[in-house]
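Student: Could you walk me through reading a few features of a fold? I would like the general idea each time, then the case at hand.

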Amino acid sequence: MEDATSPNICERMGRGEELSDFQRGTVVGCHLCKKSVREISALLNLPRSTVSSVILKWKRGGITTALPRSGRPHKLKEEDRQVLEQIAVEKCLPSVDALTTEFQSASGADVSSRTVRRELREMGFRGRVSTYNKPAGREKAEKKQAAVSQDEAQVDVSRLDLRVGRIIKALQLPETDSLYMEEVDVGEASPRTVVSELVKHVPVDQMQNRMAVLLCNMKPVKIGGVESQAMVMCASSPDKVEILDPPSGAAPGDRVTFQGFPGEPDKELNPKKKVWEQVQPDLRTDGQCVATYKGAAFEVVSKGVCKAQTMNNSEIK
């Protein structure tokens, strides 16, 4: 099976064909790992214009899937969608046509029953219209609202699943000049595979059997043809990078917490919500090389704080 770095992956594509969702996701994954458009283009053998287009689309709307070439945009305003949802739940109407007539009367919107059906499906309604006011219909609407509430939860460092890990072993990925592939124990039943752009900053012998801090709830992405399941946290500057050291006595799986920022991390960060992108600018080492978020130290309870070796007042990523 060929991976994203296969040299003929784009040669097989005609000029008018779309990139696959896999290829688009790989482009975004490389971008999140701070690769430039030029580097991604060379790594994946894609035109720079294509790489730029995928990244721009993702930045604007968190979209990596190919959008249809044709189709109508949403016709309903948000307030009209709320009216439609209320009618669907509260009225016991026999058909979509009847629901459409009721909705047009209540909202003044001039839409077809086909549009109404599409909007209802996007709200989570399924099955017969006459069942929408039953508990099952309410449950779907409530689940949708709960999902929206979770997505809109406060964005701070507590959303990140930061843990102590032990890099069991690491090796340089073949045919790359900057990527390590690591096997990392983060306190789970089996180690995770992690790909890090550290070859030019950390000698391979210093990557073996090493403690580190890892971000464990980013959505896995393929980098260099290998799925990376976490991210090694480092103090970083344009010309230097240092892996953060956990406190002495910390064990794989120990959670890194922050005073003043309670809460449980997301199971998996939704790339569309850009939680990491909003939190990362406030991650820095202080004057004593202690890793912090808005002044609160990266702390392993009862064991100490996480630090860089020499890099103070530096960003963390």
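Tutor: Happy to! Let's start with how axes are set up: they are lines fitted to C-alpha atoms, for helices over the stretch in contact, and angles run from 0 to 180 degrees between N-to-C directions. Keep in mind that this is a predicted model.

Student: What describes two packed helices?

Tutor: In general, the angle between their axes and the distance between the axes. Here, the axes of helix H5 (residues 96-107) and helix H6 (residues 113-123) cross at roughly 95° and come within 9 Å. Angles of 65 to 115 degrees count as roughly perpendicular, so H5 is roughly perpendicular to H6.

Student: Which residues make the contact?

Tutor: H5 contributes Val96, Asp97, Leu99, Thr100 and Phe103, while H6 contributes Ser113, Val116, Arg117 and Leu120. By class, the residues of this H5 contact with H6 are 5 nonpolar, 2 polar and 2 charged.

Student: How should I read burial along a helix, and which residues of H2 are buried?

Tutor: An α-helix has 3.6 residues a turn, so residues three or four places apart point the same way. In helix H2 (residues 37-44), the buried residues are Ile40, Ser41, Leu43 and Leu44. After H2 comes Asn45, with a positive phi near 55°.

Student: And strands: why is S4 largely enclosed by the rest of the structure?

Tutor: Because 5 of the 6 residues of strand S4 (residues 210-215) are buried. S4 runs antiparallel to strand S1 (residues 162-172), joined by 6 bridges, and Arg163 has Leu214 of S4 as its bridge partner. S4 also runs antiparallel to strand S7 (residues 231-232), with 2 bridges; there, Leu215 is partnered by Met231 of S7.

Definitions and conventions
Residues numbered from 1 in each chain as written. Predicted model: local features only at pLDDT ≥ 70, side-chain atom pairs only at ≥ 80, totals over all residues. Heavy atoms only, no water. Buried < 20%, exposed > 50% of the residue type's maximum accessible area, 1.4 Å probe, protein only. Helix = DSSP H or I, 4+ residues; strand = E, 2+ residues; numbered from the N terminus. Pairing = 2+ DSSP bridges. Parallel < 35°, antiparallel > 145°, perpendicular 65-115°, else oblique. Contact = heavy atoms within 4.5 Å. Nonpolar A, V, L, I, M, F, W, Y, C, P; charged D, E, K, R; others polar.
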